[in-house]
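The paragraphs below lead through a pocket, its lining and a pair of helices. Please keep the sequence and the structure in view while reading.

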Amino acid sequence: MLIYTVVFIALFLGCMAQSAVGFGSMLIAMPLLTFVLPLQVAAPVLALIGPPTTIYIFHLNRHGVDWREVGRIMAGALAGVPLGLWALESLNPAWIMRAVGAVLVAYAVYVAAIEPRLRPRANMRSGNIATSLAAGLCTGVLGGAFNTGGPPLILYGDWLRWPRARFKAILQAVFLANGTLIIIGHALAGNVHTGVLPYAAAATPGVIAGLYAGRHIDRLLSPAHFRYAVLGMVALLGLSLIAR
């Protein structure tokens, strides 16, 4: 019973964050799940609940999506995945993840403490082809190597000051494509089996409750508060990568 309770709580908190700010389910749910489940079970559980969660959040923010931007990012991501697979075999993953974590924390500190003292800049909303491809390339490299492709895309969207619906819609579109590939990978590796399904079933009520709670939290957040919530999650994500 304790295991199923932890599974429920982990997915409730993770999906609440995902629904409110557009990302964070893996950041919150994975560490909690690994307290009670082996990584080989926790990973496919999250993979199974990921796409339905992403589809729901995308549906709520679908009017903010820019398919041209998504296409550019995905083109870069597809090119980056082979590089990520090479990096996984050739480089020290611990040092890479700590470096990514340090960049995330530094960015959050910069935006919170330094940027307000600089001359205000206009919201750009859209990058050019080169910046979109570069963001996608970094997303693909980290996704292919460590299944953590979100940080470059999150920083890119925040730097361009994407409005809330645009930020969440583009993230979910990219996450959905990656999540589908991850499920296929787990299925081909034989990780999706009957031992995983009871935990996925136990996670479902937590997912539903978390999405509902996160949607109401999102409605209470002003654009400024939403950005601070994103930056807080970025800093937390960075610290978690450094501490790995």
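Which helices each supply at least two residues of the lining of the second largest pocket? They are H5 (93–114), H7 (150–159), H8 (164–188) and H10 (223–242), where helices (H or I, at least four residues) are DSSP runs numbered from the N terminus. The model is a predicted one, in which local features need pLDDT of at least 70 and side-chain atom pairs count only at pLDDT 80 or more, while totals for chains, interfaces and linings use all residues. Residues are numbered from 1 along each chain as its sequence is written, and side-chain values use heavy atoms, with hydrogens and water left out.

A pocket here is an open set of points on a 1 Å grid over the protein atoms alone, where a 1.4 Å probe fits, with protein on both sides within 12 Å along at least five of seven lines; lining residues have an atom within 4 Å of a point. The second largest pocket holds about 340 Å³ of space, a volume being the space filled by probe spheres set on the grid points, which are joined across faces, edges and corners. Of its 20 lining residues, Asp 158, Arg 161, Pro 223, Ala 224 and Arg 227 lie nearest the centre, and H10 gives the most to the lining, with seven residues. By class, the lining has twelve nonpolar, two polar and six charged residues, with Ala, Val, Leu, Ile, Met, Phe, Trp, Tyr, Cys and Pro counted as nonpolar, Asp, Glu, Lys and Arg as charged, and the others, Gly among them, as polar.

Arg 161 sits in the loop between H7 and H8, and has a positive phi of about 60 degrees although it is not a glycine. With a relative accessible area of 17%, Arg 161 is classed as buried (buried means under 20%, exposed over 50% and partly exposed in between, with a 1.4 Å probe and protein chains only).

The contact of H1 with H9 has 19 nonpolar, four polar and two charged residues. Among the buried residues of H1 are Val 7, Leu 11 and Gln 18, and just after H1, Gly 22 takes a positive phi of about 100 degrees. In H9 lies His 216, which is partly exposed at a relative accessible area of 31%; the C-alpha atoms of His 216 and Met 16, 200 residues apart along the chain, are separated by 9.4 Å.
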